[in-house]
Amino acid sequence: MCPSERVTDHSIKQAQIAAKVNALLFDADPMRLNFGDNTDEYQIEADHIVEMLHTAQSANEVTDMVFQVFSACFGNEVTPRKETFSPVATKIWLVYNQPP
């Protein structure tokens, strides 16, 4: 496989994971933005989370990442407590570690 094919495969996998993370965030709806038809509402946050996932060693670290991303995107004043993100972070960790 040539290097450009690896990059494309990696990009496709990243996009697939980001779509799953977006869906998980939409279902969890930590910011109460789910109005039923706006299914891409958390895509920006999902993309940021997926960019960092390769450094995570545990679901707890993913919780920290998710909290960090939401705090940066929405501000500390309105972002829920870090513990709020633990259930969805665990699901993100499981999706990220699924075999291809």
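## Loop between H1 and H2

Helices here are DSSP runs of H or I with at least four residues, numbered from the N terminus. In this predicted model, Asp29 sits in the loop that joins helix H1 (3-28) to helix H2 (43-52). Arg32 belongs to the loop between H1 and H2 as well.

Most residues other than glycine have a negative phi. Asp29 is not a glycine, yet its phi is positive, at about 50°. Arg32, also a residue other than glycine, has a positive phi near 60°.

The two residues part ways in accessibility. Asp29 has a relative accessible area of 9% and is therefore buried, the cut-off being under 20%. Arg32 counts as exposed because its relative accessibility is 62%, with exposed meaning over 50%.

## Ala59 in H3

Ala59 is part of helix H3, which covers residues 59-74. Its relative accessible area is 17%, so Ala59 is buried.

Leaving aside residues up to four places away in sequence, Ala59 touches Ala89, Thr90 and Trp93. Between Ala59 and Pro87 the C-alpha to C-alpha distance is 9.2 Å, with a sequence separation of 28 residues.

## Packing of H3 and H4

The axes of H3 and helix H4 (residues 86-96) come within 8 Å and cross at roughly 120°. The crossing of H3 with H4 is right-handed.

On the H3 side, the contact involves Ala59, Val62, Thr63 and Val66; these meet Ser86, Ala89, Thr90, Ile92 and Trp93 of H4. Sorted by class, the H3 contact with H4 holds six nonpolar residues, three polar ones and no charged ones.

Notes. Residues are numbered from 1 along each chain as its sequence is written. This is a predicted model: local features need pLDDT of at least 70, side-chain atom pairs count only at pLDDT 80 or more; totals for chains, interfaces and linings use all residues. Side-chain values use heavy atoms; hydrogens and water are left out. Helices (H or I, at least four residues) and strands (E, at least two) are DSSP runs, numbered from the N terminus. Buried means under 20% relative accessible area, exposed over 50%, partly exposed in between (1.4 Å probe, protein chains only). Contact means heavy atoms within 4.5 Å. Axes are lines fitted to C-alpha atoms, for helices over the stretch in contact, and angles run from 0 to 180 degrees between N-to-C directions. A crossing is left-handed if the near helix is turned anticlockwise from the far one by less than a right angle, and right-handed if clockwise. Ala, Val, Leu, Ile, Met, Phe, Trp, Tyr, Cys and Pro count as nonpolar, Asp, Glu, Lys and Arg as charged, and the others, Gly among them, as polar.
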